Amino acid sequence: MDNDDFTLRMRAEPVPWFGLLFSWLHMLLGIQRPDLKKVIMEFVPGDIPSVSAVAEGEAEIGMTTPPVCATMAYRGIGPYAEKMQDLRAILSFPHDDRLVWAVPEEFGITSIGQLKNQKLRFSIGGPDSPVGFAVDKILAAYGISIEEQVASGMWTGFKEDYLFKVVSHGIEGRADMVIHEGRKTLPWVQFSEARKLTFLPIDDDVQNMMVKEYGFRKAVLSKGMIDGAVGVDTPTLDWSEWLMFTRSDVPEDLIYLITKTVIEYQHLFELGFKGHPLEKSDLVCPMKPQDMWRNVGNIPLHPGAQRYFEEQGYLS
């Protein structure tokens with residue numbers, strides 16, 4: 001970059017961990033780049049719009065989870081009507097998460113297919129959430145439409161883009177079926193303590209459809225997760241990694257510096273997470289640089305990030 005003062009714009013969903021990571025990056029870049037006079041951090045509900053904002057030039061740096069949001073945007077599928085092929089990956093912060101689909105055990109429901117004729121109240125991710133998108137597609141594979149269920153009077157509920165608010169409806173008794181991510185967060189533990197839950201599996205053929213058509217990854221919500229509330233291994237979708245991404249036109253030296261800063265000051269980025277038990281920490285610590293370029297949503301690495309990982313021997 002030249003020596004002119006510049007402003008760096010960063011965009012993510014309003015969750016505490018993204019704000020913490022952006023704040024460390026802001027401080028450390030400011031020390032190393034005196035021409036960085038201003039950083040704008042914008043936090044807007046929903047991971048889907050953050051990808052569009054970076055692709056359309058409203059920000060230089062974005063965060064999203066899971067990385068498949070970037071996969072779909074790059075390919076112009078799912079919630080993205082146009083291909084966004086200027087998107088480039090920087091790295092993924094290690095995060096071990098799943099899509100969680102829970103109903104009260106008292107309902108006697110053990111499969112998603114049984115939901116159609118069940119009167120219930122739901123709370124799920126909203127239209128700007130990849131959870132909302134995934135749930136719509138999964139239900140459709142079982143011949144279920146939320147809109148039709150609501151119109152028939154069988155279902156009522158909430159669509160929210162913020163994780164904590166989605167699960168809070170279950171905790172406070174306003175919803176029965178709750179579907180979202182963030183399995184390690186306190187609200188999921190509180191919901192499982194408030195009501196005995198059954199966690200619904202996604203059938204293998206439906207998992208495979210989500211992988212083939214949209215780029216999601218299969219996973220298992222393992223027995224013992226959510227403070228022991230999960231009673232059996234439960235097939236679901238992976239919601240791991242926090243992807244940091246940019247565009248191809250963002251200068252290589254800046255992205256190189258961002259990559260270098262995250263890796264070489266990883267002990268600072270881990271503050272607030274390190275020291276907690278693995279099942280209580282949303283960031284997997286210690287971070288392993290040799291793995292942080294791998295699950296980046298099937299979009300190309302930015303040349304600046306690639307150069308740093310290559311120089312350090314992490315791509316071998």
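Helices (H or I, at least four residues) and strands (E, at least two) are DSSP runs, numbered from the N terminus. The model shown in these views is predicted.

View 1. Most peptide bonds are trans. Pro286 sits in the loop between helix 10 (266–269) and helix 11 (303–311). Pro66 belongs to the loop between strand 3 (61–64) and helix 3 (68–75).

**View 2. Strand 5 pairs with strand 8 and strand 9.** Strand 5 covers residues 100–104, and five of its five residues are buried. Val100, Ala102 and Pro104 lie on one side, Trp101 and Val103 on the other. Strand 8 (residues 177–180) runs antiparallel to strand 5, joined by three bridges. Here Val100 faces His180. Strand 9 (residues 197–199) is also antiparallel to strand 5, again over three bridges. Val103 stands opposite Thr198.

**View 3. Leu115 sits in the largest nonpolar core.** This core has 105 residues. Leu115 and Trp101 are among those with the most contacts inside it. Helix 1 (residues 16–32) gives the most to the core: eight residues.

**View 4. Asp227 and Glu241 have positive phi.** Most residues other than glycine have a negative phi. Phi of Asp227 is near 55 degrees. Asp227 lies between strand 10 (218–221) and strand 11 (234–237), and is exposed. Phi of Glu241 is near 75 degrees. Glu241 lies in the loop between strand 11 and strand 12 (242–247), and is buried at 17% relative accessible area.

Definitions and conventions:
Residues are numbered from 1 along each chain as its sequence is written. This is a predicted model: local features need pLDDT of at least 70, side-chain atom pairs count only at pLDDT 80 or more; totals for chains, interfaces and linings use all residues. Side-chain values use heavy atoms; hydrogens and water are left out. Buried means under 20% relative accessible area, exposed over 50%, partly exposed in between (1.4 Å probe, protein chains only). Two strands pair if DSSP finds at least two bridges between them. A nonpolar core is a set of buried Ala, Val, Leu, Ile, Met, Phe, Trp, Tyr and Cys residues joined through side-chain atoms within 4.5 Å.
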